[in-house]
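Trainee: I would like to learn how to read aromatic ring pairs in a model. Please take me through the case shown here.

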Amino acid sequence: MRLPELCLALLCAAGTGTEAPRAARERPLAPEHGEPGAARVDPRQAWMLLAGSPGRSSGERGRGGSGALTAPAGPGTPGKSTAGAGAGPAVPEELLRELQLLLRGTAKMCRTAGEGSKEEESSEGSAQRRVEAAFHCQTRADLAVEQKTWLELGQFYIPEGEEMFQRGPGLNLTSGQYTVPLAGFYTFSSTLHIARREPRRKRQGCRGSRLRVLICVQSCCQHNSHLESVSQLESSGELFTISVTGTLYLQAGQHASVFVDNTAGSPLTVQSGSDFSAVLLGV
């Protein structure tokens with residue numbers, strides 16, 4: 001039996017004395033003309049429906065004998081019993097027990113639904129978590145890299161209206177050093193556009209000449225973890241691109257920056273628009 005029907009039956013059972021409940025007596029017997037949709041609930045019919053519902057066990061219906069039913073009489077008429085007066089008082093207690101079971105089941109369903117919605121909100125919140133530390137910048141001007149020298153790249157900027165950004169503190173655009181605000185794993189990337197400054201005929205040919213691009217921690221590439229990419233200069237043209245990408249773990253307060261190592265015998269130029277970026281992956 002559904003919860004609304006059970007509540008109505010309890011109200012009816014409360015009026016099984018010499019007359020029906022007051023609310024039932026004061027309700028009109030039939031809907032008035034001009035009131036579409038008005039409904040009339042007969043307490044006696046609801047009680048008979050409850051007593052004869054298949055959801056009750058045969059033992060509950062048979063306390064006063066086989067198929068015993070106790071029905072409330074109409075207004076002003078004493079109640080009639082088909083199997084003695086002993087079965088009447090136990091009926092409201094059984095109805096209350098059934099109501100309690102229904103309410104417990106409803107409460108459990110509500111709790112389960114609430115926990116499910118909280119899990120969905122939690123998963124959505126984790127999927128949409130804000131990135132706490134990230135940046136993407138590019139060089140403002142051309143940078144010369146002389147032969148046989150190291151150079152730590154600087155003079156970056158974040159142009160407006162382009163796909164460059166900064167999230168969180170720690171980026172020094174002038175020095176090119178990014179000091180991480182949180183300890184964790186960071187993915188770094190740098191793409192440099194390189195141009196040769198001397199004509200091919202004036203270059204000093206030297207086998208093994210190469211250009212290295214590194215992303216180093218604490219400006220110390222020999223002793224700390226770093227990312228590295230190498231390009232052989234003898235096979236490169238007048239203008240070429242070299243990139244380095246990878247993941248490093250940094251403690252809070254450590255910095256990372258881009259280095260260029262030119263082992264060739266001719267100078268090179270890192271053109272403006274070369275970029276440097278990092279994103280915090282997790283702790």
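**Ring pairs in the core**

Mentor: This is a predicted model. Start with Phe 188: leaving aside residues up to four places away in sequence, Phe 188 touches Tyr 178, Ile 215, Leu 227, Val 244, Thr 245, Gly 246, Leu 248, Leu 250, Ala 256, Phe 276, Ser 277 and Ala 278.

Trainee: Which residues have the most contacts inside the largest nonpolar core?

Mentor: They are Tyr 178, Phe 188 and Ile 215, in a core of 34 residues. Several strands give two or more residues to this core, among them E3 (134-139), E10 (184-196) and E16 (275-282). Strand E13 gives the most, with 5 residues.

Trainee: How many aromatic pairs does a search of the whole structure find?

Mentor: The search finds 8. A pair of aromatic rings is described by the distance of the centres and the angle of the planes. For Phe 135 and Tyr 178, the ring centres are 4.6 Å apart and the planes stand at 50°, so this pair is tilted. Phe 135 lies in strand E3 and Tyr 178 in strand E9, 43 residues apart. Phe 135 is buried at 0% relative accessible area, and Tyr 178 is buried at 1%.

Trainee: What are the centre distance and plane angle for Phe 188 and Phe 276?

Mentor: Their centres are 6.4 Å apart and their planes are at 20°; planes under 30 degrees apart count as stacked, so this pair is stacked. The pair joins strand E10 to strand E16 across 88 residues. Phe 188 has a relative accessible area of 0% and is buried; Phe 276 is also buried, at 0%.

Trainee: Which residues do ring pairs link into a cluster?

Mentor: The cluster consists of Phe 135, Phe 156, Tyr 178, Tyr 186, Phe 188 and Phe 276.

How values were computed. Residues are numbered from 1 along each chain as its sequence is written. This is a predicted model: local features need pLDDT of at least 70, side-chain atom pairs count only at pLDDT 80 or more; totals for chains, interfaces and linings use all residues. Side-chain values use heavy atoms; hydrogens and water are left out. A nonpolar core is a set of buried Ala, Val, Leu, Ile, Met, Phe, Trp, Tyr and Cys residues joined through side-chain atoms within 4.5 Å. Buried means under 20% relative accessible area, exposed over 50%, partly exposed in between (1.4 Å probe, protein chains only). Helices (H or I, at least four residues) and strands (E, at least two) are DSSP runs, numbered from the N terminus. Contact means heavy atoms within 4.5 Å. Rings of Phe, Tyr and Trp (its six-membered ring) pair if their centres lie within 6.5 Å; planes under 30 degrees apart count as stacked, over 60 as edge-to-face and the rest as tilted.
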